[in-house]
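Colleague: I am new to this one. Please show it to me, and then I will ask about the details.

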Amino acid sequence: MSSIVQNNATEPLLAGTEDNGEGNPYSTGYGSIEERPRFTRNKLFIVGCILMTELCERLTYYSVIANLILFCTSTLDISSTGAARISLIFSGSVFIVPIFGGYVADAFVGKFNIILGCGLIYVIGLVLLPASAVDYKNNWFGLHNKISTETRRGLFLSSLVLIAIGTGGIKSNVGPFGAQQVENLGPKAVQSFFNWFYWFINVGAIIAYSGVAAVQQDVGFDESTLMNAANEKKWQQHNIEKTSCSNSG
């Protein structure tokens with residue numbers, strides 16, 4: 001009995017999920033058997049799209065949060081206390097909304113649909129964000145067009161609500177959705193996916209804090225927010241739609 005306990009203690013956690021086919025070397029550990037699982041080019045393309053979607057989503061989120069307080073105080077004339085409150089509420093919401101995003105995906109619409117839908121909501125929020133930042137009077141729409149600070153604040157807060165909903169729905173589902181694409185290749189493939197998944201998160205954060213944040217401070221918030229919107233629109237929808245086409249093929 002003690003030897004069995006010692007052997008189990010040295011086994012990896014995922015070992016217990018493998019099928020009891022002792023003579024079958026191709027057991028995937030996820031309730032299915034595949035003769036010779038291989039990482040095909042199509043599978044690599046699908047996983048690459050999912051990883052790039054996560055990278056761009058994290059890049060966009062961290063770009064928004066990097067200088068959020070500075071944007072509130074310098075452009076929207078919000079006090080430092082109010083700006084800090086907005087930043088904290090927004091950051092906290094981003095980690096609460098995934099609870100509901102995961103539930104809706106598992107109980108009703110599925111992971112793919114919630115990722116695509118929240119991606120569209122995300123893009124709408126990122127369109128409203130530069131709308132609150134651009135200089136309508138001098139740079140963009142002529143000398144006679146200008147919006148009030150109250151209107152800017154309304155656009156800004158609306159954009160934060162939509163971005164929180166969008167990133168919450170994506171955050172709770174994109175990782176499991178990616179793992180589902182490689183689960184038939186076994187536990188090692190799933191582990192490799194999550195290793196790359198978290199590397200892509202870190203790369204997105206590095207680009208946001210070292211690149212986009214510098215553009216916000218040295219060039220302007222209007223240009224940087226337009227960059228965020230273009231980035232998210234290009235990858236969030238394009239990559240997920242490509243993944244759908246690859247799965248259907």
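Colleague: Leaving out residues up to four places away in sequence, which residues does Phe193 touch?

Modeller: This is a predicted model, where local features need pLDDT of at least 70, side-chain atom pairs count only at pLDDT 80 or more, and totals for chains, interfaces and linings use all residues. Residues are numbered from 1 along each chain as its sequence is written, and side-chain values use heavy atoms, with hydrogens and water left out. Contact means heavy atoms within 4.5 Å. On that basis Phe193 touches Val47, Ile50, Leu51, Gly175, Gly178, Ala179 and Val182.

Colleague: How many helices and strands does the chain have?

Modeller: Both are DSSP runs numbered from the N terminus: helices are H or I with at least four residues, strands are E with at least two. Along the sequence, the pattern is α-α-α-α-α-α-α-α-α-α. The count is ten helices and zero strands.

Colleague: What percentage of the 249 residues is buried?

Modeller: Buried means under 20% relative accessible area, exposed means over 50%, and partly exposed lies in between (1.4 Å probe, protein chains only). By that cut-off, the buried share of the 249 residues is 42%.

Colleague: At roughly what angle do the axes of H8 and H9 cross?

Modeller: Axes are lines fitted to C-alpha atoms, for helices over the stretch in contact, and angles run from 0 to 180 degrees between N-to-C directions. Val174, Gly175, Gly178, Ala179 and Val182 of H8 make the contact with Ala189, Val190, Phe193, Phe194 and Phe197 of H9. The axes come within 9 Å and cross at roughly 145 degrees.

Colleague: Is the crossing of H2 and H5 left-handed or right-handed?

Modeller: The axes of H2 and H5 come within 13 Å and cross at roughly 35 degrees. Glu57, Thr60, Tyr61 and Val64 in H2 meet Tyr122, Leu126 and Leu129 in H5. A crossing is left-handed if the near helix is turned anticlockwise from the far one by less than a right angle, and right-handed if clockwise. H2 passes H5 in a crossing that is left-handed.

Colleague: Is Lys43 buried or exposed?

Modeller: Lys43 lies in helix H2, residues 41-66. Its contacts beyond four places in sequence are Gln181, Val182 and Asn184. A polar atom of the Lys43 side chain lies 2.6 Å from the backbone oxygen of Gln181. With a relative accessible area of 18%, Lys43 is buried.

Colleague: Which residue's side chain makes a polar contact of 3.2 Å with the side chain of Lys111?

Modeller: Lys111 lies in helix H5 and counts as buried at 18% relative accessibility. A polar contact is a pair of N or O atoms within 3.5 Å; within protein, one must be able to donate a hydrogen and the other to accept it, and residues adjacent in sequence count only if both atoms are side-chain atoms. At 3.2 Å, the partner of Lys111 is Asp106.
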